[in-house]
Amino acid sequence: MEFFPEHDFLKNALWLYRGDIKAQQTTSMAYQFFRRFKDSHQLVCFADFDPKGIEITLTSGAEYFIAPTVESIKTFHANGADIDYFKQDSARTYIAKYQSDSLKILQLYSLMSAQRKTIKQEHMLAKALTLSVSKLN
């Protein structure tokens with residue numbers, strides 16, 4: 001993964017990957033573990049860039065988030081129809097509760113939603129999309 005020089009502070013970051021959901025690996029358990037490090041580490045969330053990933057980012061307790069840049073979102077094209085976006089109604093409903101357009105993640109979400117795109121973590125890495133790190137609030 002390649003970052004801009006201003007993101008050098010991430011070189012010594014603690015990276016936690018929850019992985020695919022299994023009965024013994026719930027999101028709430030991952031959140032609890034992640035949040036234990038709040039006093040000793042900068043918490044950075046890197047999730048899929050889709051409605052559910054945005055919801056995870058907003059509820060994770062992270063201080064920063066990693067997401068594709070505006071240009072990467074505009075130029076990203078997945079093969080085939082992107083039906084995942086339309087399967088995430090509950091996440092889109094959750095995000096709609098936020099009234100602030102000042103949060104960068106919501107600005108990026110608006111762009112993604114206008115294009116009805118989902119960008120999975122594996123797409124970001126495989127396609128070497130340019131990523132940016134932003135403060136969450």
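Good morning, colleagues. Please bear in mind throughout that the structure before you is a predicted model.

I shall begin with helix α2, which covers residues 51-59, and helix α4, which covers residues 89-96. The axes of these two helices come within 8 Å and cross at roughly 45°. An angle of that size makes α2 oblique to α4. As for handedness, the crossing of α2 and α4 is left-handed.

Which residues bring α2 and α4 together? On the α2 side they are Pro51, Lys52, Ile54, Glu55, Leu58 and Thr59. They meet Ala91, Arg92, Tyr94 and Ile95 in α4. Sorted by class, the residues of this contact comprise 6 nonpolar, 1 polar and 3 charged.

I turn now to the pairing of α2 with helix α5, residues 104-115. Here the axes lie 11 Å apart, and the packing angle is about 175°. Angles over 145 degrees count as roughly antiparallel, and α2 and α5 are therefore roughly antiparallel to each other.

In this second contact, α2 contributes Pro51, Ile54, Thr57 and Leu58. Their partners in α5 are Ile105, Leu106, Tyr109 and Met112. The contact of α2 with α5 has 7 nonpolar residues and 1 polar residue, with no charged residues.

How many cavities of 30 Å³ or more does a search of the whole structure find? The search finds 2. I shall speak about the second largest cavity, whose volume is about 40 Å³.

The lining of the second largest cavity consists of Ala47, Asp48, Phe49, Ile54, Thr57, Phe65, Ile66, Ala67 and Ile105. Two elements, α2 and β2 (64-68), each give two or more residues to that lining. The largest share, 3 residues, comes from β2. By class, the lining of the second largest cavity divides into 7 nonpolar, 1 polar and 1 charged.

Ile54 takes part in the contact of α2 with α4, takes part in the contact of α2 with α5, and lines the second largest cavity. Thank you for your attention.

Terms used. Residues are numbered from 1 along each chain as its sequence is written. This is a predicted model: local features need pLDDT of at least 70, side-chain atom pairs count only at pLDDT 80 or more; totals for chains, interfaces and linings use all residues. Side-chain values use heavy atoms; hydrogens and water are left out. Axes are lines fitted to C-alpha atoms, for helices over the stretch in contact, and angles run from 0 to 180 degrees between N-to-C directions. Helices (H or I, at least four residues) and strands (E, at least two) are DSSP runs, numbered from the N terminus. Angles under 35 degrees count as roughly parallel, over 145 as roughly antiparallel, 65 to 115 as roughly perpendicular and the rest as oblique. A crossing is left-handed if the near helix is turned anticlockwise from the far one by less than a right angle, and right-handed if clockwise. Contact means heavy atoms within 4.5 Å. Ala, Val, Leu, Ile, Met, Phe, Trp, Tyr, Cys and Pro count as nonpolar, Asp, Glu, Lys and Arg as charged, and the others, Gly among them, as polar. On a 1 Å grid over the protein atoms alone, a cavity is a set of points where a 1.4 Å probe fits but cannot get out, and a pocket is an open set with protein on both sides within 12 Å along at least five of seven lines; lining residues have an atom within 4 Å of a point. Grid points are joined across faces, edges and corners, and a volume is the space filled by probe spheres set on the points.
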